[in-house]
Amino acid sequence: MRVLHTSDWHIGRTFHGRDLLADQEAVLSGLADMVSDERIDVVVIAGDLYDRAMPAGEAVETCMRVLRRLRQAGAQLVVTPGNHDSAARVGTFADFAAAGGLHLRTRISGLHEPVVIDDEHGPVAFYGIPYLEPDPARQALESTGDRVPGAGAVETRGHAAVLTEAMNRIGAELSGRAEQTRSVVLAHAFVTGGQGSESERRIAVGGVEQVPGPVFDGVDYVALGHLHGPQRLDEHLRYSGSPLAYSFSEAAHHKSVWLVDLDAGGLAGVERRELPVPRRLATVHGRIEDLLTEPEHTAVEDCYLSATLTDEVRPIEAMRRLQRRFPHAVHLEWKPEGGRATAPLRYSEAVRGRDDQALADGFVADCRGAEPNESERALLAEALRAVRATESTKTGRRS
């Protein structure tokens, strides 16, 4: 059996305000061609199908089109929700969807109940662990413990505790199956040794977020989701990463999926397949006039761009000017050369002994790195006089 491991689609996410739906659909629909070309039997999606618990209608429609194409290409689909998803919404009509080859494993109470798919060597059991928020999951696991073989008490709090109990239940269920049964587990978690990026939402709530890798021992392959960079923690324990970059910290990522081969003995091999990049990410650093004129930046004119400006004075309308050359510039920082004092200053210290004019002048200087000139100070003074006049009028009316 050949399995395609993907995760963290985050359908509906934007990139610094830019709509990514078209890019997401293009990349994810391309997986259908991979299913056909590589003779994929099963596609597993390990959480964060959507970017939010209540996705927009357009995001849901995009997701359904992608899933339909994958199914039409010949693959069965196994999906679990991540920390961005609503398990209840993702699992809507799960029983009906399973009849069409879309297996939505969203219930904590059913995480030990596998989707069983046969190949020429016998059965393969796919166990889907939905994202386990530690305290609610702990309560749910304890409430169903008396009805689940192999269940135990969740003695401690945190991600490791609830995932250990989940894997204990899966292990107990698997041990009761035929010896030739192979196993795949889908899980959404931060496993120790994984490398995070800026685009993942932290999942630590009142405790340590990382889970030791040995928690997942005893199965043939673990398809992990949550971290957005593709990575191998062990031969059988891997993150596929997200199909698109969702932060500039991922600029060096080579987005990909894993192709997992199972033979009669279990895990036979894993291969990596890189995904297309709709638009590259790039960063530039320097004075704005240099960025707008130097030919060395021609190669990044069509990239999503993050620019760090080093001008001594904050340039006026910097983003608008940059977008004339770099239409996909989406992020801007100002870090003047030589640096400026950035130590925090208490409000009481900042205003002590200063009149309104001095405060306004200081605000301008702090924002752009240069004191206001005489004409600017005159405009500020005129604005302050207008405010005082308005306040006086209001006071007179109230009296």
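Glu-376 lies in helix 11, which spans residues 374-398. The structure is a predicted model. Glu-376 is partly exposed, with a relative accessible area of 24%. Between Glu-376 and Cys-303 there are 73 residues of sequence separation, and their C-alpha atoms are 37 Å apart in space.

In soluble globular proteins, nonpolar side chains tend to be buried together. In this model the largest nonpolar core has 40 residues, of which Trp-9, Ile-11, Leu-31, Val-43 and Leu-70 touch the most other members. Several elements each supply at least two residues of this core: helix 1 (21-37), helix 2 (57-72) and helix 4 (94-99), together with strand 4 (42-46), strand 5 (76-80), strand 6 (102-104) and strand 15 (256-263). Helix 1 gives the largest share, seven residues. A further core of 29 residues lies apart from this one, and Ile-129, Val-154, Val-162 and Ile-170 are among its members.

Which residues does Ile-11 contact, once its neighbours within four places in sequence are left aside? The list is Leu-21, Gln-24, Leu-28, Leu-49, Tyr-50, Asp-51, Ala-59, Thr-62 and Cys-63.

**Helix 5**

Helix 5 covers residues 134-144, and its buried residues are Pro-134, Ala-137, Arg-138, Leu-141 and Thr-144. Viewed down the helix axis, these buried residues fall within an arc of 140°, so they line one face of helix 5. The cover over the buried residues of helix 5 includes helix 6 (159-175).

**The largest pocket**

Rolling a probe the size of a water molecule over the atoms shows where empty space is left. The largest pocket holds about 320 Å³ of space. It is lined by 21 residues, and the closest to its centre are Ala-245, Val-277, Arg-279, Arg-280 and Leu-281. Sorted by class, the lining of the largest pocket consists of 13 nonpolar, six charged and two polar residues.

**Residues in loops**

Phe-93 lies in the loop between helix 3 (87-90) and helix 4. Its phi is near 60°, a positive value in a residue other than glycine. His-226, in the loop between strand 12 (221-225) and strand 13 (231-234), also has a positive phi, near 125°, and is likewise a residue other than glycine. Are these two residues buried or exposed? Phe-93 counts as exposed, at 61% relative accessibility, whereas His-226 counts as buried, at 3%.

His-253 is found in the loop between strand 14 (237-239) and strand 15. Leaving aside neighbours within four places in sequence, His-253 is in contact with Ser-197, His-228 and Gly-229. The C-alpha atom of His-253 is 9.2 Å from that of Gly-241, a residue 12 places away along the chain. His-253 is partly exposed, with a relative accessible area of 26%.

The relative accessible areas of the individual residues are listed below.

| Residue | Relative accessible area | Class |
|---|---|---|
| Phe-93 | 61% | exposed |
| His-226 | 3% | buried |
| His-253 | 26% | partly exposed |
| Glu-376 | 24% | partly exposed |

Why is Glu-376 classed as partly exposed? Its relative accessible area of 24% falls in between the cut-offs, since buried means under 20% and exposed means over 50%.

How values were computed. Residues numbered from 1 in each chain as written. Predicted model: local features only at pLDDT ≥ 70, side-chain atom pairs only at ≥ 80, totals over all residues. Heavy atoms only, no water. 1 Å grid on protein atoms, 1.4 Å probe; cavity = no way out; pocket = protein on both sides within 12 Å on 5 of 7 lines; lining within 4 Å. Points joined across faces, edges and corners; volume = space filled by probe spheres on them. Nonpolar A, V, L, I, M, F, W, Y, C, P; charged D, E, K, R; others polar. Buried < 20%, exposed > 50% of the residue type's maximum accessible area, 1.4 Å probe, protein only. Helix = DSSP H or I, 4+ residues; strand = E, 2+ residues; numbered from the N terminus. Arc of directions from axis to C-beta. Contact = heavy atoms within 4.5 Å. Core = buried A, V, L, I, M, F, W, Y, C linked by side-chain atoms within 4.5 Å.
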